[in-house]
Amino acid sequence: MVPRSFPDLVKDLRMRRAVGDKPPVLLLGAGASVDAGIGAMDELFQFFGCADFDAFCQKIGQTTATERYRYLAEFLQTRKPAEVSAGYRALAALCAQNYFDFVLTTNMDPLLDDALAAARLWRRDYLLIVNGVIRPDRLELLLRGQSPRVKIVKLHGDLFQRFMAWTVEEMDEFLVEVSPYLKPAVAGRDFLVVGYSLRDARVRELVDSAGGDVWFTHPKAVPDHLANRQSMRAVVAPECAFEAFFPALAEALQVAVDDERPATLRRETRALAPTPTPTGAQTMDDLMSAVFGVVGPGGAPVATAFLLAEPRVIVCNRFDVAALIESNQVGLIGPGNRRFKARVSRVNTEHPFGPTLLDVPPEIQAAGLRLDASQPQGGDFVQVAVAAGEKTGISSGPVIRTERHAISIEPVGNVAGLVSLECYVAPGACGGPVVDGSMAVRGYIVAGTTDPDQPYSLAYASSQWDGFLQGKKPAKPSRRRPAGGR
């Protein structure tokens with residue numbers, strides 16, 4: 001057992017984003033639902049007139065699926081079903097921001113489902129898989145697909161599907177059938193365990209089969225049966241109680257969580273006094289649908305491009321596509337590995353990393369990204385979307401500073417108008433949009449370190465090329481002496 005603190009866990013999750021590593025698989029147990037208002041097991045025993053778990057298993061094992069739903073429908077919902085608890089709201093926001101993309105839960109209640117809907121994750125954004133309802137042999141296809149991005153697997157069934165495993169034998173049977181298809185999906189992935197004791201041998205075997213690191217959280221102590229697990233990272237802290245854990249995590253990671261009013265009240269407010277919806281992406285999945293890989297000479301994506309909402313154009317970094325624009329067309333690879341040809345509209349030749357604008361193929365229906373031409377400031381938290389190279393997906397980090405002088409970049413020379421970020425990007429990220437918390441583009445990546453231990457990258461600020469989008473001739477880049485070579 002390796003002791004870790006809550007700040008250690010926050011740092012680990014933050015650095016995964018900085019270097020583009022996959023998030024951990026989140027494993028949720030009954031502790032999550034109890035904290036959120038679902039009745040505890042002893043209350044369930046009392047309801048069924050049983051003294052302990054063995055007696056309960058014997059009694060519920062004799063019930064039909066219809067009887068189980070009838071008896072458990074009220075028990076497996078909160079006393080205020082219209083309200084989403086703070087813990088689940090924060091968890092849904094972290095899923096929306098790609099801190100988690102794969103959730104395994106032993107809970108059969110609708111709390112996570114309701115939270116995802118309240119966080120504006122649409123059905124195209126997440127996939128809910130109920131073990132025992134979906135054929136096991138379909139899981140491989142569903143879990144390996146890039147879209148929907150967030151996958152949630154209910155290991156023990158679901159209340160409203162009226163298919164639930166309650167006895168030890170039923171739980172064991174559920175896991176035996178699904179494990180051969182889950183194991184390839186979690187292979188090599190780390191796990192984060194919240195509200196779950198890892199007492200179930202089948203679930204423990206699934207976690208161990210992945211071969212990654214396991215972070216175990218508990219508000220009070222590590223259970224005795226886990227004490228001898230040498231490599232497990234144990235985070236024991238008051239913040240690890242479910243309803244405190246995810247809100248504290250969201251706050252530490254600077255993830256905004258929707259307001260605390262009940263979902264019904266929010267819907268009524270929108271209906272009575274609708275507010276204008278800003279043009280462009282609003283969610284992480286909207287962002288990823290607006291980025292494309294730029295196809296190189298060998299047919300593989302070599303750089304990243306992105307779609308703007310207004311003006312509706314695709315933006316590339318000229319340096320990356322200079323050798324490709326002679327044919328007046330640039331090949332793109334979009335979500336789902338769809339391929340397009342985009343006609344070159346205009347090229348900015350006034351700056352070595354000036355934008356090349358492409359006409360949007362009619363097949364591309366994504367909303368696109370809004371542009372914010374204000375200058376980024378040191379400390380601003382930004383995210384980078386990447387669609388090419390060895391580290392695709394999302395990286396994130398703070399703005400270090402807006403560079404006042406030209407920066408030396410090989411083999412280009414001195415380049416002005418750049419912003420430095422504490423963010424790791426691998427080759428292929430150049431041209432990737434740098435967006436702020438409102439999903440507005442503040443620039444795009446033009447260079448960066450290849451050392452994940454020292455995340456650093458440079459972006460060409462949108463304030464420098466906004467005029468070009470509007471048809472204005474940009475100012476020539478400064479030739480002042482650089483502040484330091486890179």
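This is a predicted model: local features need pLDDT of at least 70, side-chain atom pairs count only at pLDDT 80 or more; totals for chains, interfaces and linings use all residues.
Residues are numbered from 1 along each chain as its sequence is written, and side-chain values use heavy atoms, with hydrogens and water left out.

**View 1. The whole protein chain.** There are 15 helices and 25 strands here (DSSP runs numbered from the N terminus: H or I with at least four residues for helices, E with at least two for strands). Of the 486 residues, 51% count as buried. Take the contacts (heavy atoms within 4.5 Å) with a separation of 6 or more: 69% of them link residues 24 or more positions apart.

**View 2. Thr 304 and the strands around S11.** Thr 304 sits in strand S12, residues 301-307, and its side chain reaches the backbone oxygen of Gly 428 at 2.8 Å. S12 pairs with S11 in the antiparallel sense over five bridges (pairing takes at least two DSSP bridges between two strands). Val 295 has Pro 301 as its bridge partner in S12. Five residues separate S11 and S12 in this hairpin, and Gly 299 in the turn shows a positive phi of about 95°. Strand S11 (residues 291-295) has five of its five residues buried, so it is largely enclosed by the rest of the structure. Val 291, Gly 293 and Val 295 point one way, while Phe 292 and Val 294 point the other.

**View 3. Ser 420 and its surroundings.** Ser 420 belongs to strand S22, residues 418-421, and is buried with a relative accessible area of 0%. Its side chain makes a polar contact with the side chain of Glu 403 at 3.0 Å (an N or O pair within 3.5 Å; within protein, one atom must be able to donate a hydrogen and the other to accept it, and residues adjacent in sequence count only if both atoms are side-chain atoms). Skipping neighbours within four places in sequence, the residues touching Ser 420 include Val 399, Arg 401, Tyr 456 and Leu 458.

View 4. Eight strands make an open sheet with parallel pairing, in the order S1-S10-S9-S8-S2-S3-S5-S4. S1 (2-4) and S4 (126-130) are the edge strands, each pairing on one side only. Inside the sheet, four bridges join S3 (residues 102-105) to S5 (residues 150-154), with Leu 104 opposite Val 153. Helix H9 packs on the sheet, touching S2, S3, S5 and S8, and its direction makes about 145° with that of S3 (axes are lines fitted to C-alpha atoms, for helices over the stretch in contact, and angles run from 0 to 180 degrees between N-to-C directions).

**View 5. The buried face of helix H5.** Arg 68, Tyr 69 and Leu 72 are buried in H5, which spans residues 65-72. Down the helix axis, these buried residues fall within an arc of 95°, so they line one face (the arc is that of the directions from the helix axis to the C-beta atoms). They pack against helices H3, H4 and H9 and strand S7.

Key
Buried means under 20% relative accessible area, exposed over 50%, partly exposed in between (1.4 Å probe, protein chains only).
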